[in-house]
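Reader: Could you take me through this fold feature by feature, giving the general idea before the particular case?

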Amino acid sequence: MGYVEELRKVVGHSPLILVGAVVVLVDPDGRLLLEERKFPEGLWGLPGGLMELGESTEDTAKREVLEETGLTVSELRLINVYSGPNHFVVAKNGDEYYVVTTAYYSDVYSGELTVDHEESLSFKFFSPERLPAKLVGSHCTVIKEFLELQCSAEVSSK
């Protein structure tokens, strides 16, 4: 049982501050890896999850990507950190929490893409122009900022 589950035994549904990390993984063709999630069903999102005790956000990002996809991330670059009242969530079971999410991107990873069927239905690389319509809202923001960073980097390198 993880840290959050242990904490929920003590505080019930009361609001918590939870820290997590997500990763935009980019393949050599510039496509982004998205996860078709079991929860909430039918939504696509970035691989990632919640921090365990003693982890850094980088450790969390790498562990979650490995657990969910089978891929080992070698290098992470920061996109942004997201927090505040717009990141308040009430889960279907009534658990309340404020999420602090650190978003990273990487094109340096290895391994074979596999699906952890406990959390995911599938994984697919999408071109930025053809992202699925049903995306986790906060992940839309992360992807948008990532793409803006990429455009800025391309312009400044010319």
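Reader: To begin with strand β1, is it mostly covered or mostly open, and how many of its residues are buried?

Author: Please keep in mind throughout that this is a predicted model. Strand β1 is mostly covered, with eight of its ten residues counted as buried.

Reader: Which strands pair with β1, and in what sense?

Author: With β8 the pairing is parallel and extends over ten bridges, and within it Val23 has Tyr104 of β8 as its bridge partner. With β4, residues 48-50, strand β1 runs antiparallel and is joined by three bridges; here Ala21 stands opposite Gly49.

Reader: How should I read the nonpolar core, and which residues touch the most other members?

Author: The general idea is that in soluble globular proteins nonpolar side chains tend to be buried together. In this model the largest nonpolar core has 16 residues, of which Val24, Leu34, Leu46, Ile79, Val142 and Phe146 touch the most other members. Two or more residues each come from β1 (16-25), β2 (32-37), β6 (77-82), β8 (96-106) and α3 (137-156), and α3 gives the most, with three residues. Apart from this core lies another one, of twelve residues, among them Ala21, Val23, Leu25 and Tyr104.

Reader: What does Ile79 contact, if its neighbours within four places in sequence are left aside?

Author: Ile79 is in contact with Val24, Ala103, Tyr104, Tyr105, Val142, Glu145, Phe146 and Leu149. Val24, Val142 and Phe146 were named above, together with Ile79 itself, among the core residues that touch the most other members.

Reader: Where does His139 lie, and which residues does it touch beyond four places in sequence?

Author: His139 lies in helix α3 and touches Val22, Arg37, Gly45 and Leu46. Its relative accessibility is 8%, so His139 counts as buried, the limit being under 20%.

Reader: What is the strand order in the open sheet of three strands, and which strands are at its edges?

Author: The order is β3-β2-β10, with antiparallel pairing, and the edge strands, each pairing on one side only, are β3 (44-45) and β10 (120-126). Two bridges join β2 to β3, and Glu35 stands opposite Gly45 in β3.

Reader: How is an aromatic pair described, and how many does a search of the whole structure find?

Author: A pair of aromatic rings is described by the distance of the centres and the angle of the planes. The search finds three such pairs. One of them, formed by Trp44 and Phe126, is edge-to-face, at 5.0 Å centre to centre and with 85 degrees between the planes.

Reader: Why can the pair of Trp44 and Phe126 be said to tie parts of the chain together?

Author: Because Trp44 lies in strand β3 and Phe126 in strand β10, the pair ties together parts that are 82 residues apart in sequence. Trp44 counts as buried at 13% relative accessibility, and Phe126 likewise counts as buried, at 9%.

Reader: What geometry do Phe88 and Tyr98 show as an aromatic pair, and are these residues buried or partly exposed?

Author: Phe88 and Tyr98 form a tilted pair, at 4.7 Å centre to centre and with 50 degrees between the planes. Phe88 is in strand β7 (residues 88-90) and Tyr98 in strand β8, ten residues apart. Phe88 is partly exposed, with a relative accessible area of 33%, and Tyr98 also counts as partly exposed, at 36% relative accessibility.

Key: Residues are numbered from 1 along each chain as its sequence is written. This is a predicted model: local features need pLDDT of at least 70, side-chain atom pairs count only at pLDDT 80 or more; totals for chains, interfaces and linings use all residues. Side-chain values use heavy atoms; hydrogens and water are left out. A nonpolar core is a set of buried Ala, Val, Leu, Ile, Met, Phe, Trp, Tyr and Cys residues joined through side-chain atoms within 4.5 Å. Buried means under 20% relative accessible area, exposed over 50%, partly exposed in between (1.4 Å probe, protein chains only). Helices (H or I, at least four residues) and strands (E, at least two) are DSSP runs, numbered from the N terminus. Contact means heavy atoms within 4.5 Å. Two strands pair if DSSP finds at least two bridges between them. Rings of Phe, Tyr and Trp (its six-membered ring) pair if their centres lie within 6.5 Å; planes under 30 degrees apart count as stacked, over 60 as edge-to-face and the rest as tilted.
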